[in-house]
Amino acid sequence: MKTRSLVSIDDLTTEEIIKILDLAAEFEKNPVQDILRGKVVATLFFEPSTRTRLSFESAVNKLGGKVIGFTDSSNSSVTKGETLNDTIRTVNNYVDLIVMRHPIEGSARYASEIATVPVINAGDGANQHPTQTMLDLYSILKTQGTLDNLNICMVGDLKYGRTVHSLLMAMSRWKTSFNFVAPEELMMPDEYKLYLKNLGLEYYETIDLNEVINMTDIVYMTRVQRERFSDPMEYEKVKNAYVLQENMLAETKPGMKILHPLPRVNEISTDVDSNNKAYYFEQALNGVYTRQAIISTLLGLK
Amino acid sequence: MKNINDKKQLLVSAIESGTVIDHIPAATLFKVIKILGLDKIKNQITFGTNLDSKTDGKKAIIKIAGKFFEDDDINRIALVAPNAKLNIIQDYKVTEKRVVEVPDTIIAIAKCMNPKCITNFEKVTTRFRVVSKKPVALKCQYCEKITDQERLEII
């Protein structure tokens, strides 16, 4: 019998998403439980991602489970030339669940086919990072009380941003309207806009955040990276246009919240941090509850 | 030389029974041979290529004696020869005509165009879901990127 893995957010039905989010709320009320006693979880990080790894490890530890793994492929057998296939087959013998981050796209799906224990994709290159999407959904649900009829404003690198693409696909399951704020070079790719159009969902594109910030329920900030620009001059021109400042929040909706997948560099000014609309650090905490919910669901414990 | 393309004159000799695959683009003849594994079977095979065709420019034709294909097998060539026509021959006569159709899933035939895809790093059998049949667009089961007709490469 094949166990259930979470590789892509599309692996979950809307019903399953809601169930996991409900479960995350339970874990938020009662985060320390002994349901993983005797279970071992592998965290295989073929590339470093401290935040994601610590969040998973915290989730497992609070549930009484143990964690083994590596934090960077340079100190694992990968440097000796072992294939992913062999690594997964081996680790599979030692653990009850595998959390994996890998720079190669599709590696998580491949691992899930090899492993007999559940695999959670903690990021496979530019492809998928479903637990990030789940914690984003949880943060939206928690702050807005619903996932329906919201206006979401995505800001920054919308062309290459994996998190915004996954969140867009996930939120398109509900009646959501989108604002896309990005420099010309980093606009939302056509395939996503077409996807929304076919679903009859509304979107609006602009290069100016001030134009739309007052009508939105969620501002989802992402980092505009210098290396994404073919012309360095273009980067210099736009780099400060997508920085959120405290004074831009004055006329925004009272319940509006600012999310960011983190790490932040300079795209949210630190003077925003003390504003009650800043939610990015709580969002990171929500990641622990969401991952507890996902792990216990995949192991059939809840 | 003038009558070389005369319809009446057979450039590739007739077979008594078996399958004739016509209207293969000349450029993909050897891919068709590879996909169907014709280079590994003992049947008598004759083929012609760079033949003039009214509809396809330069075409190729393959005649395989004593061989009949299942739909699932023959549809595998649809990626490289979408307009191929099959004539099933019994006793020198065409007893059935068939066309090919792009299947819903493509396994172990195409290469994923994404250089960062796991299938281009390890020995993974490629698997695609066909998201569009004309023009062909394939979604990789692993990296989830789309390989379109222009970037399609046969393994």
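# A tour of a two-chain predicted model

Chain B holds two helices and 11 strands. Helices here are DSSP runs of H or I with at least four residues, strands are runs of E with at least two, and both are numbered from the N terminus. This is a predicted model: local features need pLDDT of at least 70, side-chain atom pairs count only at pLDDT 80 or more, and totals for chains, interfaces and linings use all residues. Residues are numbered from 1 along each chain as its sequence is written, and chains are lettered from A, ligands numbered from 1, in the order in which they are written.

**Stop 1: chain B as a whole**

Select chain B. From the N terminus on, its elements run β-α-β-β-α-β-β-β-β-β-β-β-β. Its C-alpha atoms fill a box of roughly 50 × 30 × 25 Å along the principal axes. Of its 155 residues, 30% are buried. Buried means that 20 or more other C-beta atoms lie within 10 Å of the residue's own; exposed means 12 or fewer, partly exposed is in between, and C-beta atoms are placed from the backbone.

Now colour chain B by domain: domain 1 is 14-99 and domain 2 is 105-154. These bounds come from an automatic or database domain assignment. The domain centres, taken over C-alpha atoms, are 24 Å apart. Five residues of domain 1 of chain B are in contact with six of domain 2 of chain B. Contact means that the C-beta atoms of two residues, placed from the backbone, lie within 7 Å. On the domain 1 side there are three nonpolar, no polar and two charged residues. Nonpolar covers Ala, Val, Leu, Ile, Met, Phe, Trp, Tyr, Cys and Pro; charged covers Asp, Glu, Lys and Arg; the others, Gly among them, count as polar.

**Stop 2: strand β1 of chain B**

Select residues 18-25 of chain B, strand β1. Which strands does β1(B) pair with? One is β3 (residues 57-65) of chain B, antiparallel to β1(B) and joined to it by six bridges. Two strands count as paired if DSSP finds at least two bridges between them. Find T19(B): its bridge partner in β3(B) is I64(B). Another is β4 (residues 85-90) of chain B, also antiparallel, over five bridges. Here D22(B) has K85(B) as its bridge partner.

**Stop 3: where the chains meet**

Show both chains. In this interface, 12 residues of chain A are in contact with 13 residues of chain B. On the chain A side, α3 (84-91) and α4 (107-114) are the elements that give two or more residues. The most come from α4(A), with three. By class, that side has three nonpolar, seven polar and two charged residues.

Stay on α4(A). Is it mostly covered or mostly open? It is mostly covered: six of its eight residues are buried. They are S107(A), A108(A), R109(A), Y110(A), A111(A) and S112(A). These pack against α3, β3 (97-102) and β4 (119-124) of chain A.

**Stop 4: the domains of chain A**

Colour chain A by domain: domain 1 is 32-128 and domain 2 is 131-284. Their centres, over C-alpha atoms, are 29 Å apart. Five residues of domain 1 of chain A are in contact with six of domain 2 of chain A. The domain 1 side has three nonpolar residues, one polar and one charged.

**Stop 5: the parallel sheet of chain A**

Select the five strands of this open sheet, in the order β7-β6-β5-β8-β9 (chain A). The pairing is parallel. Zoom in on β6 (residues 177-181) and β7(A), which pair over four bridges. F180(A) stands opposite E205(A) in β7(A).

**Stop 6**

Select residues 162-171 of chain A, helix α6. Why is α6(A) largely enclosed by the rest of the structure? Because seven of its 10 residues are buried. Among them are V164(A), L167(A) and L168(A). Their cover includes α5 (130-144), β5 (151-155), β6, α7 (190-199) and β8 (218-221) of chain A.

End at M154(A). Leaving out residues up to four places away in sequence, it touches V164(A), F178(A), F180(A), V181(A) and Y220(A). The largest nonpolar core has 114 residues, and I98(A), M154(A), Y220(A) and I77(B) touch the most other members. Such a core is a set of buried Ala, Val, Leu, Ile, Met, Phe, Trp, Tyr and Cys residues joined through C-beta atoms within 7 Å.
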